[in-house]
Amino acid sequence: APAPDPGKTSEPRAGKKMSWLLLVVAGAALLVAAALMLLVSGKKQDAVPGAAGAVDLDQVARSGEAAGSKGETAESRPVAGRSPAAPFNEEGMKMARAGKMKAAVSWFEKAVQADAANVHAWNNLGLALRRLGRNGEAVDAYQRAIQVRPDFALPYKNLGVVLEQMRRAGEAAEAYRKYLELNPNAADGQAVRKKADMLANAGHGEDSER
């Protein structure tokens with residue numbers, strides 16, 4: 001009997017190996033694509049505040065910029081149950097995102113009337129008022145948020161922002177430091193601390209001039 005031709009037996013085996021390799025590569029590519037889609041979807045969901053959360057009116061705050069007129073932040077923190085303020089707060093957030101601050105203020109005012117214990121609604125009202133230049137009213141809104149929940153860090157920082165704009169340096173420094181006390185691991189902690197120290201020194205200078 002003639003000896004088998006080695007070339008004829010190796011070619012099918014090589015073809016099978018190549019087919020399996022292609023299947024493995026294609027499968028890996030599909031897994032990577034699926035993982036990327038899930039990651040992108042998760043990021044989109046994280047970017048939208050919760051129904052009872054606070055709206056971020058200053059997008060630059062996401063970059064961890066120092067506290068100041070452009071460093072204002074807001075956070076989304078869910079609360080137990082659904083507050084009567086939630087539907088009004090949601091409408092206010094929609095208006096704020098659309099740049100319609102007067103309408104946002106109106107909705108946030110309805111939110112705090114519906115539930116005066118909703119800290120996020122008070123914080124959002126302060127944000128919108130500040131954006132309209134109604135700083136005195138913004139201070140009142142932040143202080144109400146602090147009264148409702150003294151351990152909620154964010155209103156202290158936002159209060160510091162508006163007090164700094166009003167050139168009330170010493171009070172702004174105190175607000176920033178309270179924010180750091182309640183949120184020691186804040187991503188912008190170092191920048192806020194420098195800002196607080198600078199304002200505290202400025203406040204001492206004002207006292208000495210008097």
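Predicted model: local features only at pLDDT ≥ 70, side-chain atom pairs only at ≥ 80, totals over all residues.
A crossing is left-handed if the near helix is turned anticlockwise from the far one by less than a right angle.

**View 1. Helices H4 and H5 cross in a left-handed way.** H4 covers residues 119-131 and H5 covers residues 135-148. Their axes lie 8 Å apart, and the packing angle is about 165°. Angles over 145 degrees count as roughly antiparallel, and H4 and H5 are therefore roughly antiparallel to each other. On the H4 side, look for Val119, Trp122, Asn123, Leu125, Gly126, Leu127, Leu129 and Arg130. Facing them from H5 are Asn135, Glu137, Ala138, Ala141, Tyr142, Arg144, Ala145 and Val148. Sorted by class, this contact of H4 with H5 holds 10 nonpolar, three polar and three charged residues.

**View 2. Helix H3 packs against H4.** Here the angle is about 155° and the axes are 9 Å apart, which makes H3 roughly antiparallel to H4. The crossing of H3 with H4 is left-handed. The contact of H3 with H4 is made up of 11 nonpolar residues, one polar residue and two charged residues.

**View 3. The largest nonpolar core has 43 residues.** Leu125, Leu159 and Tyr179 are the residues with the most contacts inside this core. Zoom in on Leu159 and, leaving aside neighbours within four places in sequence, you will find Leu159 in contact with Val139, Tyr142, Ile146 and Ala175.

**View 4. Arg167 sits in the loop between H6 and H7.** What is the phi of Arg167, which is not a glycine? The value is positive, at about 60°. For context, most residues other than glycine have a negative phi. Is Arg167 buried or exposed? With a relative accessible area of 72%, Arg167 is exposed, because any value over 50% counts as exposed.

Methods
Residues numbered from 1 in each chain as written. Heavy atoms only, no water. Axes fitted to C-alpha atoms, helices over the stretch in contact; angles between N-to-C directions. Helix = DSSP H or I, 4+ residues; strand = E, 2+ residues; numbered from the N terminus. Parallel < 35°, antiparallel > 145°, perpendicular 65-115°, else oblique. Contact = heavy atoms within 4.5 Å. Nonpolar A, V, L, I, M, F, W, Y, C, P; charged D, E, K, R; others polar. Core = buried A, V, L, I, M, F, W, Y, C linked by side-chain atoms within 4.5 Å. Buried < 20%, exposed > 50% of the residue type's maximum accessible area, 1.4 Å probe, protein only.
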